[in-house]
Amino acid sequence: MLLRKLFPSKKSVFTVDTTSNGNADSLQIKVLNLIIPFVIPEHIEIGDFSLKEFDSNSFDISQYGKLLLDDIPLNFTKESFNLDNIKNRLLIYHIGESFNINDVLEGKLSGRTIDLGDSISVLIKVDENSLKMFTEGEHVFKVESDFITNLEIIFELDESNMNIKFDPDNT
């Protein structure tokens, strides 16, 4: 039930246009902090995963779990998941400020307070074929892992959250 509040169905996933050309080119995943204010720790550790000991050359996300969209596995094997490519395709936004993967790895988010009511957005540049999976209607995004509690986000896409202009100040 808490996840549904943190990820409201029509207010948590968006297909967005970041280039102002009228075509969606990215996904925006937005989470709202409804629990308590918290400070991002200096060292992020989840289960056996630690950013402090992160080696991008040997990292294989598929070892940590499965990602599924509408029960269709998303291909995130080491061969298909090029971290250098992801570094250029993923941004985290908080209060209009963006952070790339290198910023996160360097600890630039450390000490940042996420206040009650703040949102954090993850902006992921995706290819046209991948965007075709995000059609109008209800979808389920799942993370299945032995390292963390399984996560299921139910979201709905319609004209209010599809192909909208990305606004970094409204993240």
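The paragraphs below lead through this predicted model from its sheet to its cores, aromatic pairs and salt bridges.

Because the model is predicted, local features are reported only where pLDDT is at least 70 and side-chain atom pairs only at pLDDT 80 or more, while totals for chains, interfaces and linings use all residues. Residues are numbered from 1 along each chain as its sequence is written, and side-chain values use heavy atoms, with hydrogens and water left out.

We begin with the sheet. Strands of a sheet pair through backbone hydrogen bonds, either parallel or antiparallel. Both arrangements can be followed from β1, which runs antiparallel to β2 and is joined to it by 4 bridges, and which runs parallel to β14 with 2 bridges between them. Along these pairings, F14 stands opposite Q28 in β2, and D17 has K165 as its bridge partner in β14.

Burial is judged by relative accessible area (buried under 20%, exposed over 50%, partly exposed in between, with a 1.4 Å probe and protein chains only). In β1, 5 of the 5 residues are buried, so this strand is largely enclosed by the rest of the structure. V13, T15 and D17 point one way from β1, whereas F14 and V16 point the other way. Q28, in strand β2, is likewise counted as buried, at 5% relative accessibility. The side chain of Q28 makes a polar contact with the side chain of S121 at 2.9 Å; such a contact is a pair of N or O atoms within 3.5 Å, where within protein one must be able to donate a hydrogen and the other to accept it, and residues adjacent in sequence count only if both atoms are side-chain atoms.

The nonpolar interior comes next. A nonpolar core is a set of buried Ala, Val, Leu, Ile, Met, Phe, Trp, Tyr and Cys residues joined through side-chain atoms within 4.5 Å. The largest one has 9 residues, namely I40, L90, I92, F99, I101, V104, L109, I114 and I120, and β8 (90-94) and α3 (101-105) each supply at least two residues of this core. Leaving aside residues up to four places away in sequence, L90 touches F99, N100, I101, V122, L123 and I124, a contact being heavy atoms within 4.5 Å. A second, separate core of 8 residues includes L27, V126, F155 and L157.

Aromatic pairs are also present. Rings of Phe, Tyr and Trp (its six-membered ring) pair if their centres lie within 6.5 Å, and planes under 30 degrees apart count as stacked, over 60 as edge-to-face and the rest as tilted. The count by this rule is 2 aromatic pairs. The ring centres of Y93 and F166 are 5.1 Å apart and their planes stand at 65°, so this pair is edge-to-face. Y93 lies in strand β8 and F166 in the segment after β14, so the pair ties together parts that are 73 residues apart in sequence. F134 and F155 form a stacked pair, with 6.3 Å from centre to centre and 25° between the planes. Here F134 belongs to the loop between α4 (128-131) and β12, and F155 to strand β13 (residues 151-157), 21 residues apart. F134 and F155 are both buried, and so are Y93 and F166.

The charged side chains complete the picture. A salt bridge is a side-chain nitrogen of Lys or Arg within 4 Å of a carboxyl oxygen of Asp or Glu, and the whole structure holds 8 of them. One joins D25 to K125, with the closest N and O atoms 3.6 Å apart. D25 lies in the loop between β1 (13-17) and β2 (26-32) and K125 in strand β11 (residues 119-125), so the pair ties together parts that are 100 residues apart in sequence. D25 is buried at 14% relative accessibility, whereas K125 is partly exposed at 31%. K142 and D71 also meet in a salt bridge, at 2.8 Å from N to O, and this pair links strand β12 (residues 137-144) with the loop between β6 (66-69) and β7 (72-73), 71 residues apart. K142 is buried at 18%, while D71 is exposed at 54%. Finally, K10, E156 and D158 are linked in a network of salt bridges.

Technical notes
Two strands pair if DSSP finds at least two bridges between them.
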